Amino acid sequence: MEDGQYVDGSVWFYAPNKGAPIFFAVAYLATGAVHFWQAVPLYELANYYVLGRVLYFVPYYSPIHPGRVLTTFAAISMIVEILNGIGASYIANQTLPQDVRERGYSLLKAALIMQFAVVSLFLVLAATFQRKCRRNGINHVKVNRPLLTLYISSAIIMVRCVYRTIEFFDIADANLSSSEFDPSTISPVVRYEWFFYVFEATLMLCNSVLLNVRHPRRWLPKSTKVYLAKDGVTEITGPGYKQERNFVASLFDPFDLYGMIKGRDKTTRFWEETSTVGETKADVDAPGRTNGSDQV
């Protein structure tokens, strides 16, 4: 039974449990095997991809080009990971001057805060889209259910992000090398192992199982060219989006503000063409669905 006291020689502060790592290793292997059959998950990146696919399904209410959701948020996440890597390398290198190692702590703090901000911005984007759909009478199962999964998954990641931020900030602010340092003054989040297993291992296992049980492919169409007509029921196979900008332009201007100014965005609104251009797709019923509507 851990008592929150420092264990001499421990890298983690406490004496780590020996059974829990085995359980979680087996559990993650099991859910990972199922994901390998479904689609390999990268959690945050998976959520970005899911939102993009939902926006493709209702393109006329999308605040951003659906194809730019993944590229934009993935690029920001890549910056976060680069900061993480540089910061960790500075801290781990004992030969570096103290001011450089302090810079490493600052970089890691900035990365954790940025990750929190990215997830928050992502949720705002998803909620804005869904609110616009609801206001205009779109209450479809293929919109609501993937988004519900996305919200739950993002909330799990957000809670984990808060835990990691609290844990690291407490360690970073402690002067571990001081002879007057008292281990008992460190936050319980660091001193007790169960915090890690609850807010890291268990949460992410729940997130993985969630994507097993509520995998978005159960509802989303296979093709990004299939979209929902404005009647909220009929599914149409249209021409889809045409890529008129290069990757760099899409990365730095994901909302295509320049295109809005020039009027280029109007030419990409394929859903405003006559219905004869697209091929009407039969509405496929899903469990708990009536005429495409869904109450979530």
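Tutor: Start with a definition. Helices are DSSP runs of at least four residues, numbered from the N terminus. Ile-82 has its place in helix α3, residues 67-92. Keep in mind that this is a predicted model.

Student: How many helices and strands are there in the protein chain?
Tutor: The protein chain has 9 helices and 3 strands. Their order from the N terminus is α-α-α-α-α-α-α-β-β-α-α-β.

Student: Why is Ile-82 called partly exposed?
Tutor: Buried means under 20% relative accessible area, and exposed means over 50%. Ile-82 has 46%, so the label is partly exposed.

Student: What makes Met-78, Ile-82 and Ile-86 a patch?
Tutor: Patch residues need over 30% relative accessible area and no salt bridge, and nonpolar side chains are joined within 5 Å. Met-78, Ile-82 and Ile-86 form such a nonpolar patch on the surface. Together they have about 270 Å² of accessible area.

Student: What is the span of helix α4 set against?
Tutor: Helix α4 covers residues 98-135, which is 38 residues. From first C-alpha to last it reaches 56 Å, close to the 56 Å expected at 1.5 Å a residue. Just after α4, Gly-137 takes a positive phi of about 80°.

Student: How many aromatic pairs does a search of the whole structure find?
Tutor: The search finds 11. One of them is Tyr-48 with Phe-122.

Student: Why is the pair of Tyr-48 and Phe-122 called edge-to-face?
Tutor: Ring centres must lie within 6.5 Å, and planes over 60 degrees apart count as edge-to-face. This pair has 5.0 Å centre to centre and 70° between the planes, so it is edge-to-face. Tyr-48 lies in helix α2 and Phe-122 in helix α4, so the pair ties together parts 74 residues apart in sequence.

Student: Are these two residues, Tyr-48 and Phe-122, buried or exposed?
Tutor: The limit for buried is under 20%. Tyr-48 has 2% relative accessibility, so Tyr-48 is buried. Phe-122 has 1%, so Phe-122 is buried too.

Student: What makes Trp-194 and Phe-195 a stacked pair?
Tutor: Planes under 30 degrees apart count as stacked. Here the angle is 25°, with 3.9 Å centre to centre, so the pair is stacked. Trp-194 is partly exposed at 43%, whereas Phe-195 is buried at 14%.

Student: How do you know that Lys-230 lies over the face of Tyr-60?
Tutor: NZ of Lys must be within 6 Å of the ring centre and within 35 degrees of the ring normal. Lys-230 lies over the face of Tyr-60, at 5.3 Å from the ring centre.

Methods. Residues are numbered from 1 along each chain as its sequence is written. Side-chain values use heavy atoms; hydrogens and water are left out. Helices (H or I, at least four residues) and strands (E, at least two) are DSSP runs, numbered from the N terminus. The expected span of a helix is 1.5 Å times one less than its number of residues. Patches are made of residues with over 30% relative accessible area and no salt bridge: like charges are joined within 9 Å, nonpolar side chains (Val, Leu, Ile, Met, Phe, Trp, Tyr) within 5 Å. Accessible areas come from the Shrake-Rupley method with a 1.4 Å probe; for residues, only the protein chains shown count as cover. A salt bridge is a side-chain nitrogen of Lys or Arg within 4 Å of a carboxyl oxygen of Asp or Glu. Buried means under 20% relative accessible area, exposed over 50%, partly exposed in between (1.4 Å probe, protein chains only). Rings of Phe, Tyr and Trp (its six-membered ring) pair if their centres lie within 6.5 Å; planes under 30 degrees apart count as stacked, over 60 as edge-to-face and the rest as tilted.
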